[in-house]
Amino acid sequence: MKPRTVAILNDPRLLDARAHHLARLMALYNGQQPDRVIYLNGYNGVGQADPYMEPERWVEQALDDLAENAFKLLDPCTFRPLVIEFGPYGVHFIDRMFGAQVFDLDGTRNWQTHYVNMTVGELNPPDLERDETWALARRVALAFLDAGVSAPLFGLPTIASTLNIAVNLYGQRILVALLDEPEAARHDLRVINDLLCTLHRWYLERMPLEQIQPVVGRARTQPPGYGQLCGCTTQLVSASQYQTFIAPLDDQLLSVYPRGGMIHLCGAHTQHIAVWREMRSLRAVQMTDRAVDDLGIYYRELREDQILYANPYDKMPIERILETTGARRTVVVADAPEP
């Protein structure tokens with residue numbers, strides 16, 4: 001590691017800037033109205049080495065890149081956290097650990113997967129000591145720790161959620177099993193969730209809490225101690241199915257973290273608001289694409305202590321987001337507009 005990189009990424013000015021922005025976020029989580037809107041749009045370090053072949057070298061290069069762009073964190077208007085994040089096999093990271101055939105669709109690391117052939121109810125946990133996918137993720141994390149830098153955040157791989165992974169593994173068969181073979185479905189969902197919780201605990205036991213950010217850390221940054229899960233596939237199940245089969249597992253996963261955490265949504269999920277309102281571990285809802293259309297519903301029907309992260313897009317520009325929530329309980333995932 002270059003001495004210059006280490007010096008820059010331990011600069012007290014960077015640590016103070018990050019602490020300032022995180023304190024504003026924490027105040028929002030604690031129910032305080034900020035003096036101005038919180039805008040969030042961080043920067044991911046880029047390495048030229050192939051992280052699948054040379055993860056340690058990739059981490060070193062990505063940290064060098066963060067050092068060259070460290071000034072971004074000093075922006076007083078937009079929180080621009082510096083983030084190291086490599087997600088092996090994208091959203092199919094966990095699938096591969098369960099034995100699914102994960103493949104590159106077009107040579108651009110566009111990872112896809114074939115459904116597993118096994119019967120629902122027969123899923124077994126992977127052997128983490130021998131799993132090469134998990135070994136790769138560990139190498140990245142340990143290389144980051146060995147670098148000894150304090151300013152960057154560390155984004156986790158896509159550990160996702162139990163329903164996301166079950167659908168990745170089985171497709172519609174897991175949804176049918178919820179109706180026709182509920183105990184078989186329940187078995188596999190538990191096996192998946194136990195693994196997800198184990199992986200989160202591994203990071204929590206080894207990495208500084210103030211530097212851990214679950215997936216997409218640059219755009220979903222939370223104060224230290226908050227976790228995250230992906231709720232994409234919850235749009236595929238009814239409110240009663242989610243409450244019966246999935247919600248207890250999502251609550252268990254978020255409760256691994258000291259302060260609970262966030263759920264990511266990107267579709268039509270409002271049928272679950274009543275359950276999420278009662279889920280004490282759920283402290284934030286992050287919305288992209290179609291989900292942002294329902295921002296007003298989430299704002300009105302969730303608890304006062306549940307924060308809304310909104311990604312603007314053409315149907316929901318920044319101005320409409322702020323009109324909908326009055327900037328209360330809101331993080332806008334975009335650059336702050338010019339005054």
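What radius of gyration does the chain of 339 residues have, and what would a compact globule have?

## Overall form

The chain has a radius of gyration of 20 Å, which agrees with the value near 20 Å for a compact globule of 339 residues. That radius is taken over C-alpha atoms, and the globule rule is 2.2 Å times the number of residues to the power 0.38. The C-alpha atoms fill a box of roughly 55 × 45 × 35 Å along the principal axes.

This is a predicted model, in which local features need pLDDT of at least 70, side-chain atom pairs count only at pLDDT 80 or more, and totals for chains, interfaces and linings use all residues. Residues are numbered from 1 along each chain as its sequence is written, and side-chain values use heavy atoms, leaving out hydrogens and water.

## Secondary structure and contacts

The chain holds 12 helices and 13 strands. Both are DSSP runs numbered from the N terminus: helices are H or I with at least four residues, strands are E with at least two.

Contacts here mean heavy atoms within 4.5 Å. Among contacts between residues at least 6 apart in sequence, 72% join residues at least 24 apart.

## Burial, surface and charge

Of the 339 residues, 57% count as buried. Buried means under 20% relative accessible area, exposed means over 50%, and partly exposed lies in between (1.4 Å probe, protein chains only). The accessible surface of the chain is about 14,200 Å². Carbon and sulfur atoms account for 49% of that surface. Areas come from the Shrake-Rupley method with a 1.4 Å probe; for residues, only the protein chains shown count as cover.

There are 32 positive and 42 negative side chains. Lys and Arg count as positive, Asp and Glu as negative; His and the chain ends are not counted. The centres of the two sets lie 4 Å apart. Each charge is placed at NZ of Lys, CZ of Arg, CG of Asp or CD of Glu.

## Helix H6 and Asn-168

Helix H6 is largely enclosed by the rest of the structure, because 9 of its 9 residues are buried. Among them are Thr-162, Asn-164, Asn-168 and Tyr-170. What do these buried residues of H6 pack against? Their partners include four helices by name: H4 (93-97), H7 (172-180), H8 (182-206) and H9 (239-254). Strands E6 (111-114) and E9 (227-230) are also partners. Just after H6, Gly-171 takes a positive phi of about 65°.

Asn-168 sits in H6, which spans residues 162-170. Its relative accessibility is 17%, so Asn-168 counts as buried. Leaving aside residues up to four places away in sequence, Asn-168 touches Val-91, His-92, Asp-95, Thr-113 and Tyr-115. A polar atom of the Asn-168 side chain lies 3.3 Å from the backbone oxygen of Val-91.

## Two loop valines

Val-256 lies in the loop between H9 and strand E10 (261-265). It is buried, at 16% relative accessibility. Beyond residues up to four places away in sequence, Val-256 touches Cys-197, His-200, Arg-201 and Leu-204. Its C-alpha atom is 7.8 Å from that of Gly-227, 29 residues apart along the chain.

Val-216 is in the loop between strand E8 (212-213) and E9. Is Val-216 buried or partly exposed? Val-216 is partly exposed, with a relative accessible area of 27%. Its phi is near 60°, a positive value in a residue other than glycine. Val-216 and Phe-154 are 62 residues apart in sequence and 9.8 Å apart in space, C-alpha to C-alpha.

## Arg-329 and Thr-330

Arg-329 lies in the loop between helix H12 (318-325) and strand E13 (330-332). It is buried, with a relative accessible area of 5%. Phi of Arg-329 is near 55°, which is positive in a residue other than glycine.

Thr-330 belongs to strand E13. It is buried, at 1% relative accessibility. Not counting residues up to four places away in sequence, Thr-330 touches Leu-28, Ile-38, Leu-308, Ile-321 and Thr-325. The side chains of Thr-330 and Thr-325 make a polar contact at 2.7 Å. A polar contact is a pair of N or O atoms within 3.5 Å; within protein, one must be able to donate a hydrogen and the other to accept it, and residues adjacent in sequence count only if both atoms are side-chain atoms. A polar atom of the Thr-330 side chain also lies 2.6 Å from the backbone oxygen of Arg-328. The C-alpha atoms of Thr-330 and Leu-73, 257 residues apart along the chain, are separated by 20 Å.
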